[in-house]
Amino acid sequence: MDADLRRFAVFYFCYYAALGAYTPYVGRWVSSMGHGGYVVGTMLGLWYATRILAPPFWARGVERSARPGLWFVAGSALTLLSFAGFTLTRSAWALFAVMAVFGLFYNAVMPQFEAMTLKALGPRSAEYGRIRVWGSIGFLIVASTYGWLLDRFGDDAFPWLTLPLLAL
């Protein structure tokens with residue numbers, strides 16, 4: 001794999017590593033703050049709702065832009081900044097607000113990146129699997145080790161342990 005394509009593989013690894021931290025463990029973190037199943041369920045519901053809403057909403061801006069790469073950079077930065085909001089709150093309503101904003105940015109980034117990857121590959125689209133597999137590897141590594149990290153550092157460390165993955 002050449003250096004240009006390696007950068008795509010690294011992004012897939014980091015994006016899905018963050019997802020491997022987030023999706024299996026956000027419920028544990030919310031529950032550790034004393035919230036019940038309703039709050040955990042609402043958080044997950046908001047996560048999946050934004051997976052439906054964000055891509056088409058974001059795509060409208062990208063397709064009208066002369067510089068779509070800036071939308072990708074902005075979406076990535078706003079993902080990190082919005083997730084940082086989890087370090088500032090513990091109330092259910094504030095968690096819901098942060099989740100909605102975070103989900104709208106995080107879930108909009110990947111469809112745009114997929115399009116960028118396929119465009120970069122051009123006629124070499126058969127190499128997509130060798131690049132995309134790094135996302136699965138990142139997810140599996142983090143999802144299988146994150147519970148140990150939370151056991152060691154405590155559930156309150158969840159947002160602080162996830163922020164570096166989003167920054168990468």
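These legends describe close-up views of a predicted model.

Residues are numbered from 1 along each chain as its sequence is written. Local features need pLDDT of at least 70, side-chain atom pairs count only at pLDDT 80 or more, totals for chains, interfaces and linings use all residues, and side-chain values use heavy atoms, with hydrogens and water left out.

View 1. Mean pLDDT (the predictor's confidence in each residue, from 0 to 100) is 93 for the protein. Of the residues, 99% reach 70 or more. Confidence is lowest in helix α2 (residues 37-64), with a mean of 90. Helix α5 has the highest, at 96. Helices here are DSSP runs of H or I with at least four residues, numbered from the N terminus. Where pLDDT is low, the predicted coordinates should not be read in detail.

**View 2. An edge-to-face pair of Trp-29 and Phe-86.** A pair of aromatic rings is described by the distance of the centres and the angle of the planes. Rings of Phe, Tyr and Trp (its six-membered ring) pair if their centres lie within 6.5 Å; planes under 30 degrees apart count as stacked, over 60 as edge-to-face and the rest as tilted. This rule gives 26 aromatic pairs. In one of them, Trp-29 and Phe-86 sit 5.4 Å apart, centre to centre, with 80° between the planes. Trp-29 belongs to helix α1 (residues 3-32) and Phe-86 to the loop between α3 (68-84) and α4 (92-121), so the pair ties together parts that are 57 residues apart in sequence. Both Trp-29 and Phe-86 are buried. Buried means under 20% relative accessible area, exposed over 50%, and partly exposed in between (1.4 Å probe, protein chains only).

**View 3. Arg-132 over the face of Tyr-16.** Arg-132 lies 4.2 Å from the ring centre of Tyr-16. A charge sits over a ring if NZ of Lys or CZ of Arg is within 6 Å of the ring centre and within 35 degrees of the ring normal.

**View 4. Packing of α1 against α5.** Two packed helices are described by the angle between their axes and the distance between the axes. For α1 and α5 (residues 128-153), the angle is about 35° and the axes are 6 Å apart. Axes are lines fitted to C-alpha atoms over the stretch in contact; angles run from 0 to 180 degrees between N-to-C directions. The contact residues divide into 21 nonpolar, 5 polar and 3 charged. Nonpolar covers Ala, Val, Leu, Ile, Met, Phe, Trp, Tyr, Cys and Pro; charged covers Asp, Glu, Lys and Arg; the others, Gly among them, are polar.

**View 5. Phe-139 in helix α5.** At 27% relative accessibility, Phe-139 counts as partly exposed. Its C-alpha is 7.3 Å from that of Ala-18, across 121 residues of sequence.

**View 6. Phe-72 in helix α3.** Phe-72 counts as buried, at 12% relative accessibility. Phe-105 is 33 residues away in sequence and 9.8 Å away in space, C-alpha to C-alpha.

**View 7. Leu-118 in helix α4.** Relative accessibility is 44%, so Leu-118 counts as partly exposed. Leu-118 and Tyr-128 are separated by 10 residues in sequence and by 7.4 Å in space, C-alpha to C-alpha.

Definitions and conventions
Helices (H or I, at least four residues) and strands (E, at least two) are DSSP runs, numbered from the N terminus.
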